[in-house]
Structure formats: structure tokens, C-alpha cells
Amino acid sequence: MGAIGDFLAADHRRCDELFAHAEQAAAAADWPACARDTRAFRMALEHHLAMEEQVLFPEFEAHTGMIQGPTSVMRGEHEQLRGLCAQMTAAAQDRSRDEFLAHAETLLILMQQHNLKEESVLYPMTDRSLAAAATALVERMMAVPREA
């Protein structure tokens, strides 16, 4: 991968690590840690999705003209990820271990499939299409505000 793909793939790994902490806390029924770790994961995930939706996808679409292509599919999957994340958050608030872990298992499968598609298809496409602007795009993605 190139600069864009490497940057976003590394952010996938960061989100995965935060997700694992939340899942471990729920499995141990450590609800204060679960709430904290779920919030940290959710904020990291939202930031990652915002970087793609606010910067990468519009640039890719403008450059390639592919409006109903891979970015459209990824946006749909982003909504699914957000929904599952909200269900996990609610389960953590309810201190429902089984419900949390069930939503986490579904989310993990979806994230793995989603990340694989991005890292094997979309990111290489963006690295090729946007190579000349890669450094500036990564800087713009890094500048996307994080949720408080």
C-alpha cells in the first residue's frame, strides 16, 4: 500500500486494539472499564469513519467519478458499524454481558470484512488515483476533529 492505505490501515489496527480492550472488560464484567473502553473505541471508530467520509471518499469520487462504486458500499457499512457500536454501548450501560458480547461478536465480524475490503480494494485504488495528493490528504484526514 501507499501513504493513504498505510495510514488508514494503521488506524484500523488502533481501533481494533481499543475494541479488544472493551470486549475484554465486558467479558470480565468490569463495567467501569467496559464503559470507558467502549467510549474510547467508539470515539476512535467515529474519527476513522469521519476521515474517510469527509476527506477520502469525496476526493476519490471527485477524482475518479465513481459515485456509486466502492465508497457507496463503504458508507453503507459504516452505518451498520455505527448501529452495532450503539447497541454495544447500550449493553454496557445496562451491564448486560451476554448482550454486549453478542453485539461485539457481530461487530468484530463486520469490521474484519469491512477492513479487508478497504485494505485490499479501496485503499489501493485511492493510493493509485490520488498518489500526487497523498501527503496532503493524510494531513487533511489527521486534521479532522475528534469527537469530545
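Student: Which residues touch the most other members in the largest nonpolar core?
Tutor: This is a predicted model, so local features need pLDDT of at least 70 and side-chain atom pairs pLDDT 80 or more, while totals for chains, interfaces and linings use all residues. Residues are numbered from 1 along each chain as its sequence is written, and side-chain values use heavy atoms, leaving out hydrogens and water. A core here joins buried (under 20% relative accessible area, 1.4 Å probe, protein chains only) Ala, Val, Leu, Ile, Met, Phe, Trp, Tyr and Cys through side-chain atoms within 4.5 Å. Of its 24 residues, those touching the most other members are Phe19, Cys34, Phe41, Leu81, Met88, Phe100 and Leu107.

Student: Good start! Which element gives the largest share of this core?
Tutor: Helices are DSSP runs (H or I, at least four residues), numbered from the N terminus. The elements giving two or more residues to the core are α1, α2, α3 (70–93) and α4. With seven residues, the largest share comes from α2.

Student: Is Phe19 buried or exposed?
Tutor: Leaving aside neighbours within four places in sequence, Phe19 is in contact (heavy atoms within 4.5 Å) with Phe41, Met88, Ala104, Leu107, Leu108 and Met111. Because its relative accessibility is 2%, Phe19 counts as buried.

Student: And what kind of pair do the rings of Phe19 and Phe41 form?
Tutor: Rings of Phe, Tyr and Trp pair if their centres lie within 6.5 Å, and planes over 60 degrees apart count as edge-to-face; by this rule there is one aromatic pair. Phe19 sits in helix α1 and Phe41 in helix α2, 22 residues apart. Their ring centres are 5.3 Å apart and their planes at 65°, so the pair is edge-to-face.

Student: Last one: is Asp37 buried or exposed?
Tutor: Asp37 lies in helix α2 (residues 31–64). Not counting residues up to four places away in sequence, Asp37 touches Leu18, His21, Ala22 and Ala25. Since its relative accessibility is 14%, Asp37 counts as buried.

How values were computed. Buried < 20%, exposed > 50% of the residue type's maximum accessible area, 1.4 Å probe, protein only. Phe/Tyr/Trp six-rings, centres within 6.5 Å; stacked < 30°, edge-to-face > 60°.
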